[in-house]
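Open the model in your viewer and keep the selection tool at hand.

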Amino acid sequence: MSEPVAQKTIGVTVNGTTYEREVEARRLLVHFIRDDLDLTGTHVGCDTGNCGACSVIVDGTLLKSCMMLAIQADGALIETVEGLGADGDLHRLQETFGEHHALQCGYCTPGMLMSAKALLDENPEPTEREIRRAIQGNICRCTGYVNIVEAIAAAAEAGT
Amino acid sequence: MTETSAPTSALVVEEQETRPGFIGTSVPRKEDRRLVQGEGVFFDDVKRHGMGFVHFVRSPYAHAKIVSVDVARALELKDVYGTLTGDEVAILTDPFFEMSVPPGSEIKDYALAVGKTRFVGEPVAAVVAATRELARDAAELVEVEYEPLEPLVDARRAQEPDAPILHEDAGSNLVWEGVFDWGDWDSCVAAADHVVRIKELHFDRFSSTPLECSGCLVEFNRGTGQWTMHCNHQMPGIGAIWMAPALRVGTDKLRFVTQDIGGAFGNKICLHPYFVACCLLARKLNRPVQWTEWRTDQHTANAHGNERWFEDTEVAVKADGTLLGFKTSAIDDCGAFPRYEPLGCIIWAQVTPGCYRWQNVHVDFTQVATNKSPVSPNRGYSRMQHLWFTERVIDIVANELGLDPVAVRKRNYVKADEFPWTTPNGCVYDSGDYARCLDIALELVEHERIDERRRDAESRGKLLGVGIGSTLDSGTNNFGQSQLLNPDLQFSGNNEVATVKLDIFGEVVVTLGTVPQGQGHETTAAQVVADALGISPDEVTVRPGHDTYWNSHAGFSGTYASQFAVTGLGAVKGAVDQLAGEIRTIAAAVLGGVPEDAVVLEGGFAKLRDNPEAAIPFMGIGAIVNANNAILPEEIRHVTLNCRYVYVPPFEVPDKERKYGNLTLTYASQIHVCVLEVDPETGAYEIVDYAAVDDCGNRIHPQIVEGQVHGATAQALGAATHETFTYDEQGNLLTPNFYDYHVPHALDMPPLKTGYIESPSPFTSLGAKGMGEGGGAGIHAVCAALQDALRPVGNPIVYDSCNPPHRVWELISNPEESRGRVAVESR
Amino acid sequence: MLLASVEYARPRSVDEALSLLAANPNGRALAGGQTLVNVLKARIAAAELLVDLNDISELREIRETDEGLEVGPMVTYTQLARAEEVHRGRPILGEVAAQIADVQVRNRGTVGGNVCSSDPTNHLPPVLVALGATMKVAGASGTRTVPAEEFFLGVYMTAVGSGELLTGISIPRREGGDGFASVTIGVDGTCIVNAAASANGGVRVALGCVSATPVLVEVASADEESVRAAVGAAELDPPSDIHAPAEYRRQLARVVATRAARQASEAA
């Protein structure tokens, strides 16, 4: 599509379900996910792309959805926190987060889980430093990250 | 081994006995399942048909007259639903209730700027449109004409004759002033061997910046005049007290609905101006109206923590290092509008001597308004500022007199066998063992090896420093302390409410008066209920969040000030004990008319102690009372199995003359030790070892307690190293977002070691103490460690709470400047 | 917070992209979006058209040549950090790219974006200047090459003019050793001061954050005293801001320059 457009009907597949919606070119992907698709697990925490609460995986790439336009995601496969579990079962990361008290208010948690998932998908046996680097782009104000790092390490140990 | 009287020795990690039941164990949190699946309900997740989105037009000036506001062009834009201006607000509402005495009481505070703007970012008008983007576009079309005035950004200048006056109605920038004088300062100075004088210490502005910003979705019911606000207000009780008179309605017309809140830390207490604006818009436009605060707005125009200057401090010290007393002048900067202030002017007095046995204290306290963001009770509220001060004082005294920082603290700490300890102004520290906590912390960082580590650091060109931070979490306020600021205020005591009921199918349901933001209230309440009823926490339903329409609550309900374990769980315990009694009453009658104490509750059944096979399941009890009461003897038909309990702590109104009395019920403590290495070429430093030891009495849920310690430490370290809300001379905030306001991420955090002891509180039903705020121990420890590290390079004095690399470099390159702040007079 | 209304196009080739930019003087190239989208959200900059370059695969390649490396402008920081060619040929590029921001930003942010935004605190401009890289700029009138030293014209200003695109960066083959040092806001955060160095007998040190554009200092020897003296003599115009007063930046510049130079000469 090389003709300039101000809006477009886009198709995105999120957690396996395909949606078609008309969007303004300026619409941010995070607002598209939250407001147009009613998938409110992905959160907004800042306006400068620093906090990572909006982190999702697009075509296999972990990114911050507040710095991508929805129109850029036309045709993409998107994974959000709502798609982490399967058939009513929790992803092992979701389990270890609970076991290790890696969440308090839960607001950073969806983004944190997506970053952790992206890490473990690529590096199933991360060191502590690699874990911390993987979530460097996810701000948490409640936990001090101590238990989050433990939970990710525990999930790594639990394996597939 | 749970003590209910002052313990002779505190329980230590190694000696921990397992208590029976769920209290004291780290059960899985009820909140987690929904939150890890992204199924939490935060206010911005709630949608309403036809809702409009609010965008506020905000002042670009720190201080200016508002000449005119013209919304015409904004209204021309398609799908803009309406606007609100200060003129409308001034007609439709009354100014918010002020807590101070004159002149502070004369300040007029409205939902939008009226006539004048007093801080950059202050909302001046509001626009509502069909989408977030349109509201943002329309806001740009609102034309506001300003006449800039000179801004006041230095609190120390606020009372100079030529200082700009923020509030003409008050005629002064003074919000409150008073003198606190306990013991006998003059005598203790006379008895001192040394008087250490410190010119100026500064506690910086920062805040806990919760990840979820503030906001609300407001609906107005025209038929009933009821406003419903899906929001994240953490203290709806006081929210309603401010909003209702302003809107000229009763508090019952304001329904606050919260479920999940993404952190608050005291930053979501003073949301009433924004909420009133949204209420007016919802009513005016006859549609639901939603406002979500942007991060930049949270930093510029929500609330900061109090900034405080300590001027001309004097400390009286004996030769052996005993601290006799201190004198200081405190100037507190509360920003453009007081709101929850001037309470900060007394709240610090909950911990007047810090952890120490000072007897003679004199504080001249002044609070002033400046053209900066208003403040709110940020985590550690007012105690943190004061505890930082006491820790700086003791550290500087030790430094100047060549005393060992560990020894001088142990000499002056309140000792374990001296609890309950009454402070110079009548507060009662319930229990603790600060020296023990310090020893554990020192052990965790292998303090005996510190010299070796210092030499190793030196060989790598680094300066190693070790510092101690002692702090207290005073919890469960006596709001009577407000009368020490303003004798006309009708506030005293405290309360919290809970209800516990047994439903027809045997379901146990709890509602809380508190408004949780991640502290695990659903879980800990379930633990208390489970233990009292002999069931498991999984069998207890705790309604998530707080809805003022449905949850029973009282004047002080909310989640703030490190008190839930005492007030919230105290209310839960009271309610469930009542319910347990009622279950036994019914069971006793049904199981053959036996006395009530013959019945025990176990495994979801009410059984006869002596014949456990004679048992009724809870479902049976519930069914009888709800649907089959004719089978009950008349005298027990009043039993409802729906129990409401109001926990009221045992307070009295303090003595206003002497400013004396017990201001808080419990005192949790934390002792931290920080080991860091400074790069003298750059001033950058790295924390290489860190220990935090806490004592909050009996721990209801150890994992939750530890999580609070971790989180408080991280926030304190952020405040110590980078986080500061600094303004330029025009009153522009230089750190308005997360790009410039750096909060710690996972790579910034040092290796964190924790330990704990349990000194049960003699004053609470569970022996637990409120905790969570953490008193800023990390700030105190980092400051002390920096001072220790820099001793070889000119012995500068650390005088500011926030020490980013450039400040450390300044201390290194010009130690005389900071040393000039300290003088010792020895007799 | 939210963008103003804008149009969007997604060309498949460089020529298409250039036509769109030429036809729309208020158009901006959209690369990773990690800077531009934020700037548009804050409405500090305006654009009527965003020309998304993400479908132009030829801009995303890394090639080894006899002269060194050819790096496409749409190569992301993650790609650069992981590329075998970079690791073999000029590893400092990958090492520095790996320090930029965080995982999410590295997965989308591009070399071209970093270079063309010419933010004084960016990592890559001083690196490319120190390495003596050359930029390829394409426009309606053809392609020209611009040495890195002449590419950065000011804060947010580069030699890429209206209607033009950066289409490639040529990195000369490594002859000696390279280094990079910085002082940042938090670990791996925004740079307060940075310096890149390339040593081969003498040393080229490019300082960042101390002027509108990188300042190149060429020193005959990489020892600490010489580097300090050279930096001291250089014309710096460091800003004062919340993170560092100007004088502190000057001090830091001397320190990071010597550290980068030392790292470079040890790697040579």
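Start in chain C, where α10(C) passes α11(C) in a right-handed crossing; a crossing is right-handed if the near helix is turned clockwise from the far one by less than a right angle, and left-handed if anticlockwise. This is a predicted model, in which local features need pLDDT of at least 70, side-chain atom pairs count only at pLDDT 80 or more, and totals for chains, interfaces and linings use all residues. Residues are numbered from 1 along each chain as its sequence is written, while chains are lettered from A and ligands numbered from 1 in the order in which they are written.

Select residues 224–233 for α10 and 246–267 for α11 in chain C: the two pack at an angle of about 140°, with axes 9 Å apart. (Axes are lines fitted to C-alpha atoms, for helices over the stretch in contact, and angles run from 0 to 180 degrees between N-to-C directions. Helices are DSSP runs of H or I, at least four residues, and strands are runs of E, at least two, numbered from the N terminus.)

Next, select C:E224, C:V227, C:R228, C:V231 and C:G232 in α10(C), which meet C:A253, C:R254, C:A257, C:T258 and C:A261 in α11(C). Contact means C-beta atoms, placed from the backbone, within 7 Å.

Move to chain B and select α16, residues 618–627, where B:F618, B:I621, B:G622, B:I624 and B:V625 are buried (20 or more other C-beta atoms within 10 Å of the residue's own, with C-beta atoms placed from the backbone). Seen down the axis of α16(B), the buried residues fall within an arc of 165°, so they line one face of the helix; the arc is that of the directions from the helix axis to the C-beta atoms. Their cover includes β20 (496–502), α15 (567–590), β25 (605–608) and β26 (611–617) of chain B.

Finally, show chains A and B together: 46 residues from chain B and 43 residues from chain A form the contact. On the side of chain B that touches chain A, α17(B) gives the largest share, eight residues.

Methods:
Two residues are in contact if their C-beta atoms, placed from the backbone, lie within 7 Å. A residue is buried if 20 or more other C-beta atoms lie within 10 Å of its own, exposed if 12 or fewer, and partly exposed in between; C-beta atoms are placed from the backbone.
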